[in-house]
Amino acid sequence: MSNVEPSDGVELSTAESWALLRQTGVGRLAVIVQGHPDIFPVNHMVDHDTVVFRSAAGTKLAGCAGHQVAFEVDGYDVVSASAWSVVVKGQAVQVNRLYDVLEVIELPLYPWHSGPKPHFIRIEADSITGRRFEVTGGGRSTVMPGPVRHAADE
(Lines give C-alpha, C1' and ligand atoms only; values in the text may rest on other atoms or scores of the structure.)
Protein backbone atom coordinates (compact mmCIF):
# COMPACT_ATOMS: atom_id res chain seq x y z
CA MET A 1 0.00 0.00 0.00
CA SER A 2 1.32 3.43 -0.95
CA ASN A 3 1.49 6.44 1.35
CA VAL A 4 1.39 8.79 -1.65
CA GLU A 5 -1.88 10.69 -2.00
CA PRO A 6 -3.33 10.82 -5.51
CA SER A 7 -2.99 14.22 -7.12
CA ASP A 8 -6.01 16.49 -6.99
CA GLY A 9 -4.76 17.90 -10.24
CA VAL A 10 -3.71 21.35 -11.27
CA GLU A 11 -5.98 24.35 -11.21
CA LEU A 12 -6.20 25.99 -14.60
CA SER A 13 -6.01 29.72 -15.05
CA THR A 14 -9.05 31.64 -16.20
CA ALA A 15 -7.45 32.09 -19.63
CA GLU A 16 -6.68 28.35 -19.92
CA SER A 17 -10.23 27.50 -18.87
CA TRP A 18 -11.76 29.82 -21.50
CA ALA A 19 -9.39 28.41 -24.15
CA LEU A 20 -10.50 24.83 -23.43
CA LEU A 21 -14.14 25.92 -23.41
CA ARG A 22 -13.61 27.48 -26.86
CA GLN A 23 -12.14 24.20 -28.17
CA THR A 24 -15.13 22.06 -27.27
CA GLY A 25 -18.38 21.82 -29.15
CA VAL A 26 -20.60 20.16 -26.59
CA GLY A 27 -21.16 20.79 -22.91
CA ARG A 28 -23.72 20.03 -20.23
CA LEU A 29 -26.11 22.62 -18.90
CA ALA A 30 -27.22 22.05 -15.29
CA VAL A 31 -30.45 23.72 -14.15
CA ILE A 32 -33.10 23.39 -11.48
CA VAL A 33 -36.55 22.57 -12.89
CA GLN A 34 -39.50 22.53 -10.47
CA GLY A 35 -37.15 22.11 -7.53
CA HIS A 36 -35.17 19.23 -9.07
CA PRO A 37 -31.81 19.21 -10.84
CA ASP A 38 -31.74 18.46 -14.55
CA ILE A 39 -28.97 18.39 -17.10
CA PHE A 40 -28.98 18.92 -20.86
CA PRO A 41 -26.27 18.39 -23.46
CA VAL A 42 -25.94 21.47 -25.67
CA ASN A 43 -23.67 22.58 -28.44
CA HIS A 44 -22.30 26.03 -27.69
CA MET A 45 -19.92 28.82 -28.60
CA VAL A 46 -17.89 31.21 -26.49
CA ASP A 47 -18.62 34.85 -27.28
CA HIS A 48 -16.95 37.69 -25.34
CA ASP A 49 -16.30 35.47 -22.30
CA THR A 50 -19.89 34.24 -22.23
CA VAL A 51 -21.33 30.91 -23.33
CA VAL A 52 -24.05 31.04 -26.00
CA PHE A 53 -26.35 28.21 -27.07
CA ARG A 54 -29.70 27.78 -28.79
CA SER A 55 -32.87 26.25 -27.38
CA ALA A 56 -36.40 25.38 -28.33
CA ALA A 57 -39.25 26.28 -26.01
CA GLY A 58 -39.60 23.75 -23.21
CA THR A 59 -38.03 22.51 -20.03
CA LYS A 60 -34.46 23.55 -20.83
CA LEU A 61 -35.46 27.10 -21.74
CA ALA A 62 -37.77 27.46 -18.74
CA GLY A 63 -35.11 26.07 -16.39
CA CYS A 64 -32.31 28.33 -17.53
CA ALA A 65 -33.60 31.69 -18.81
CA GLY A 66 -33.32 34.21 -16.00
CA HIS A 67 -31.77 31.72 -13.55
CA GLN A 68 -28.40 30.76 -12.16
CA VAL A 69 -26.96 27.75 -14.03
CA ALA A 70 -23.81 25.68 -14.29
CA PHE A 71 -22.21 24.67 -17.58
CA GLU A 72 -19.50 22.02 -17.79
CA VAL A 73 -17.16 20.72 -20.48
CA ASP A 74 -14.41 18.18 -20.18
CA GLY A 75 -11.91 16.28 -22.23
CA TYR A 76 -9.22 13.63 -22.26
CA ASP A 77 -5.75 13.83 -23.80
CA VAL A 78 -4.69 10.33 -24.88
CA VAL A 79 -1.06 11.33 -25.42
CA SER A 80 -0.50 12.71 -21.91
CA ALA A 81 -3.09 10.44 -20.22
CA SER A 82 -4.59 13.50 -18.60
CA ALA A 83 -8.13 14.77 -18.32
CA TRP A 84 -9.54 18.22 -17.75
CA SER A 85 -12.79 19.78 -16.67
CA VAL A 86 -14.07 23.35 -16.88
CA VAL A 87 -17.16 24.66 -15.08
CA VAL A 88 -18.84 28.00 -15.72
CA LYS A 89 -21.39 29.28 -13.21
CA GLY A 90 -23.54 32.29 -13.91
CA GLN A 91 -26.79 33.87 -14.93
CA ALA A 92 -28.48 32.54 -18.08
CA VAL A 93 -30.28 35.27 -19.99
CA GLN A 94 -32.41 34.98 -23.07
CA VAL A 95 -31.08 37.18 -25.84
CA ASN A 96 -33.99 39.49 -26.72
CA ARG A 97 -32.67 42.95 -27.55
CA LEU A 98 -32.45 43.55 -31.29
CA TYR A 99 -28.77 44.51 -31.33
CA ASP A 100 -27.86 41.46 -29.22
CA VAL A 101 -29.96 39.12 -31.39
CA LEU A 102 -28.28 40.43 -34.54
CA GLU A 103 -24.89 39.81 -32.92
CA VAL A 104 -25.53 36.20 -31.82
CA ILE A 105 -27.36 35.21 -34.99
CA GLU A 106 -24.06 35.82 -36.82
CA LEU A 107 -22.29 33.20 -34.70
CA PRO A 108 -21.73 29.85 -36.48
CA LEU A 109 -23.99 28.11 -33.97
CA TYR A 110 -26.43 25.71 -35.59
CA PRO A 111 -28.88 23.17 -34.16
CA TRP A 112 -27.73 19.59 -34.55
CA HIS A 113 -31.17 18.32 -35.45
CA SER A 114 -33.94 19.59 -37.69
CA GLY A 115 -36.20 20.89 -34.92
CA PRO A 116 -36.38 24.67 -34.57
CA LYS A 117 -34.27 26.27 -31.84
CA PRO A 118 -35.14 29.95 -32.19
CA HIS A 119 -34.12 31.04 -28.68
CA PHE A 120 -30.55 32.17 -27.97
CA ILE A 121 -29.32 31.92 -24.38
CA ARG A 122 -26.20 33.62 -23.06
CA ILE A 123 -24.57 32.50 -19.81
CA GLU A 124 -22.93 35.52 -18.21
CA ALA A 125 -20.16 33.97 -16.16
CA ASP A 126 -19.87 34.79 -12.47
CA SER A 127 -17.05 32.27 -12.21
CA ILE A 128 -15.07 29.85 -14.35
CA THR A 129 -12.90 27.13 -12.85
CA GLY A 130 -10.84 24.42 -14.46
CA ARG A 131 -8.71 21.49 -13.43
CA ARG A 132 -6.32 19.19 -15.26
CA PHE A 133 -5.33 15.89 -13.70
CA GLU A 134 -3.48 12.69 -14.50
CA VAL A 135 -5.77 9.77 -15.18
CA THR A 136 -5.00 6.74 -13.03
CA GLY A 137 -4.27 3.85 -15.37
CA GLY A 138 -3.98 6.40 -18.18
CA GLY A 139 -2.32 3.87 -20.47
CA ARG A 140 -5.58 1.96 -20.71
CA SER A 141 -8.26 2.91 -23.17
CA THR A 142 -11.17 4.96 -21.86
CA VAL A 143 -13.34 3.64 -24.67
CA MET A 144 -15.77 0.86 -23.87
CA PRO A 145 -14.90 -2.44 -25.52
CA GLY A 146 -16.94 -3.67 -28.46
CA PRO A 147 -19.85 -6.09 -28.18
CA VAL A 148 -19.30 -9.19 -26.08
CA ARG A 149 -19.03 -12.33 -28.20
CA HIS A 150 -20.57 -15.52 -26.96
CA ALA A 151 -19.49 -19.00 -27.97
CA ALA A 152 -22.93 -19.53 -29.51
CA ASP A 153 -22.32 -16.59 -31.85
CA GLU A 154 -19.30 -18.20 -33.49
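Entry 1. Does His44 count as buried or exposed, and at what relative accessibility? The model is a predicted one, and I read the value off it as it stands. His44 counts as buried because its relative accessibility is 6%, and the cut-off for buried is under 20%. I placed His44 in the loop between S3 and S4.

Entry 2. I then listed what surrounds His44. Leaving out residues up to four places away in sequence, His44 touches Leu21, Thr24, Gly25, Val26, Gly27, Val51, Val52, Phe53, Phe71, Val73 and Leu109. A polar atom of the His44 side chain lies 3.3 Å from the backbone oxygen of Leu21.

Entry 3. I went back to the overall layout. I counted three helices and eight strands in the protein. Along the sequence the pattern reads β-α-β-β-β-β-α-β-β-α-β. The protein has 154 residues, and 33% of them count as buried. Among contacts with a separation of 6 or more, 71% are between residues 24 or more positions apart. For the accessible surface I noted about 10200 Å², with 56% of it belonging to carbon and sulfur atoms.

Entry 4. H1 spans residues 14–23, and its buried residues are Ser17, Trp18, Leu20 and Leu21. An α-helix has 3.6 residues a turn, so residues three or four places apart point the same way. On the face of H1 turned away from the buried side I found the exposed residues Ala15 and Gln23. I checked what covers the buried residues of H1, and the cover includes strands S4 (45–46), S5 (50–55), S6 (67–77), S7 (82–94) and S8 (119–134).

Entry 5. Next I looked up the nonpolar cores. Which members of the largest nonpolar core touch the most other members? They are Leu21, Leu29, Cys64, Phe71 and Ile123, in a core of 24 residues. Two or more residues of this core come from each of H1, S2 (26–33), S3 (36–43), S5, H2 (59–64), S6, S7 and S8. S7 gives the largest share, four residues. Apart from this core lies another of six residues, including Val52, Val95, Val104 and Leu109.

Entry 6. I took Cys64 by itself. Not counting residues up to four places away in sequence, Cys64 touches Leu29, Val31, Phe53, Val69, Ala92 and Ile121.

Entry 7. S2 and S3 pair in the antiparallel sense over eight bridges, and the bridge partner of Val31 in S3 is Asp38. The hairpin of S2 and S3 has two residues between the strands, and Gln34 there takes a positive phi near 50°. S6 and S7 are also antiparallel, over 11 bridges, with Val69 opposite Gly90 in S7. Their hairpin has four residues between the strands, and Ala81 takes a positive phi near 55°.

Entry 8. I finished with the other pairing of S7. S7 and S8 pair in the antiparallel sense over 13 bridges. I noted Ile128 in S8 as the bridge partner of Val88.

Terms used:
Residues are numbered from 1 along each chain as its sequence is written. This is a predicted model: local features need pLDDT of at least 70, side-chain atom pairs count only at pLDDT 80 or more; totals for chains, interfaces and linings use all residues. Side-chain values use heavy atoms; hydrogens and water are left out. Buried means under 20% relative accessible area, exposed over 50%, partly exposed in between (1.4 Å probe, protein chains only). Contact means heavy atoms within 4.5 Å. A nonpolar core is a set of buried Ala, Val, Leu, Ile, Met, Phe, Trp, Tyr and Cys residues joined through side-chain atoms within 4.5 Å. Two strands pair if DSSP finds at least two bridges between them. Accessible areas come from the Shrake-Rupley method with a 1.4 Å probe; for residues, only the protein chains shown count as cover. A polar contact is a pair of N or O atoms within 3.5 Å; within protein, one must be able to donate a hydrogen and the other to accept it, and residues adjacent in sequence count only if both atoms are side-chain atoms.
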